[in-house]
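Subject: Structure handover

Hello,

Here is the structure we talked about. Please open it and keep it on screen while you read.

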Amino acid sequence: SGDDSAGTTQAQATATERSTAEAPEAQEQPGVFVLRVNDYIRKGQFRRAWLLLHPVQKKAIRASTMSSCFGQNQWPPNAKLKVTETYREPWEIPGGPRDAPSTAVTVQVYVQYREEGSDVTSVLETFTQHAFQVSRRIPSPSGLGELERWAWILAPDTFQAAKSNSC
């Protein structure tokens, strides 16, 4: 019936959303990954961002709880983000292990505009976000295989607020 196909379509859409969010492009660089996560958050696509959260944090909080921790977009709509530096750095995962191997990604948020006939670039913020390689088991014709992907983390204060449902 039509209802069954609608349910199947919804299930397929959910599966597609999950696989698209979880499976990065082949050999995705950590800087590209961090920009993608920030893009999801800026667009209010919190479930897509949550699907990419580090498994330790993902087990501790729900997507709906995490979304309440992010208020209005903190940057103007015309703000752009660019990666200015990446480097390897051990980092503590709030709610998880200390000194986990990570890639630190420094991001600059800026706006460009014209003022008195000149192009102006104004830096609004610079921050560092950490990306972690995690594995997840995936079905394959020969059994279960491992797929590495990038994961991100919430800052300690945001993680604690989300965990205690006090955003």
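Below is what was found in it, topic by topic.

**Ground rules**

This is a predicted model, so local features need pLDDT of at least 70, side-chain atom pairs count only at pLDDT 80 or more, and totals for chains, interfaces and linings use all residues. Residues are numbered from 1 along each chain as its sequence is written, and side-chain values use heavy atoms, with hydrogens and water left out.

**Overall layout**

The protein has 6 helices and 4 strands. Both are DSSP runs, numbered from the N terminus: helices are H or I with at least four residues, and strands are E with at least two. Starting at the N terminus, the order is α-α-α-α-α-β-β-β-β-α.

There are 167 residues, and 34% of them are buried. Buried means under 20% relative accessible area, exposed means over 50%, and partly exposed lies in between (1.4 Å probe, protein chains only). The protein exposes about 10,100 Å², with 49% of that supplied by carbon and sulfur atoms. Such areas come from the Shrake-Rupley method with a 1.4 Å probe; for residues, only the protein chains shown count as cover.

Now the contacts, meaning heavy atoms within 4.5 Å. Take those with a separation of 6 or more: 57% of them join residues 24 or more positions apart.

**The core**

In soluble globular proteins, nonpolar side chains tend to be buried together. A nonpolar core here is a set of buried Ala, Val, Leu, Ile, Met, Phe, Trp, Tyr and Cys residues joined through side-chain atoms within 4.5 Å. The largest one has 28 residues. Phe33, Ile61, Met66 and Trp152 have the most contacts inside it. At least two core residues come from each of α2 (30-42), α3 (46-51), α5 (63-68), β2, β3 (118-140), β4 (143-152) and α6. The largest share, 5 residues, is from α2.

Look at Trp152 next. Which residues does Trp152 contact, leaving aside its neighbours within four places in sequence? Among them are Phe33, Val37, Ile41, Met66 and Phe70. Gln129 and His130 are also in contact with Trp152.

**Salt bridges**

How many salt bridges does a search of the whole structure find? It finds 4. The term means a side-chain nitrogen of Lys or Arg within 4 Å of a carboxyl oxygen of Asp or Glu. Three examples follow.

- Lys43 pairs with Asp39, the closest N and O atoms being 3.0 Å apart. Lys43 is exposed at 54% relative accessible area. Asp39 is partly exposed at 31%.
- Arg98 pairs with Glu92, with 3.1 Å between the closest N and O atoms. Arg98 is exposed at 63%, while Glu92 is partly exposed at 36%.
- Arg114 pairs with Asp119, the closest N and O atoms being 2.6 Å apart. Arg114 is exposed at 55%, and Asp119 is exposed at 65%.

**Two residues with positive phi**

Asp99 is not a glycine, yet it has a positive phi of about 55°. Find Asp99 in the loop between β1 (80-88) and β2 (103-115). Is Asp99 buried or exposed? Its relative accessibility is 61%, so Asp99 counts as exposed.

Asn165 also has a positive phi of about 55° and is not a glycine. Asn165 sits in the segment after α6 (156-163). With 58% relative accessibility, Asn165 counts as exposed. The C-alpha atoms of Asn165 and Met66 are 8.6 Å apart, though 99 residues separate the two along the chain. Met66 is one of the core residues named above.

Best wishes
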